Amino acid sequence: MKKTDYISFISISDQELPAPTPEIAHERNVAIYDILQDNRFGLEKEDNKNVPTGPFHLSISIKDLRLVFTVADEKSTKMYQFHFSLTPLRPVMKDYFDICNSYFDAVKRLPPGQIEAIDMGRRGIHLEGSRVLLKRLEGKVKTDEATAKRLFTLICALRLY
């Protein structure tokens, strides 16, 4: 990957969704912060496509039940958009939603040891989600597992409303 293969700005297009809960807003904000601090993200060159070069601005949205990534260069002179089905992510997203709900509830009423156990399960499902996302991004995006985990969090945040 090149030195310029990273995301420098992220936006979440959620105007058609209800306002996020405080917990979901927090998860989303932490994921965005973490991505902007350190990430690896490059576009695969496609035949006959003039794709932007990094650093990148990334917009994530859901349209017609499909995940949409819109990637632009920093000057927004070149844009590239790709859509893909959420179907392969749905089983792991459901598990992630369930454990996140348990985690948010546990933080309010359980001792630290039990919260830690739930959080370990959450991290495991999170890792599984990032691996499924990496497979979905093959041929379109080059990224690392840490960036994919944070992107998975953002995708889930769009679906948790």
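Helices (H or I, at least four residues) and strands (E, at least two) are taken as DSSP runs and numbered from the N terminus. The model is predicted: local features need pLDDT of at least 70 and side-chain atom pairs count only at pLDDT 80 or more, while totals for chains, interfaces and linings use all residues. Residues are numbered from 1 along each chain as its sequence is written, and side-chain values use heavy atoms, with hydrogens and water left out.

Strand β5 covers residues 79–85 and includes S85. The side chain of S85 makes a polar contact with that of T87 at 3.0 Å; such a contact is a pair of N or O atoms within 3.5 Å, one able to donate a hydrogen and the other to accept it within protein, and residues adjacent in sequence count only if both atoms are side-chain atoms. Leaving aside neighbours within four places in sequence, S85 is in contact (heavy atoms within 4.5 Å) with R66 and R136.

L86 belongs to the loop between β5 and α2 (90–109). Because its relative accessibility is 1%, L86 counts as buried, a class defined as under 20% relative accessible area with a 1.4 Å probe and protein chains only. Between the C-alpha atoms of L86 and F104, 18 residues apart along the chain, the separation is 24 Å.

Helix α1 (residues 22–37) packs with α2 at an angle of about 110°, the axes being 11 Å apart. The two helices α1 and α2 are therefore roughly perpendicular to each other, a term for angles of 65 to 115 degrees. E23, I24 and E27 of α1 make the contact with Y96, F104 and K108 of α2.

Conventions. Buried means under 20% relative accessible area, exposed over 50%, partly exposed in between (1.4 Å probe, protein chains only). Axes are lines fitted to C-alpha atoms, for helices over the stretch in contact, and angles run from 0 to 180 degrees between N-to-C directions. Angles under 35 degrees count as roughly parallel, over 145 as roughly antiparallel, 65 to 115 as roughly perpendicular and the rest as oblique.
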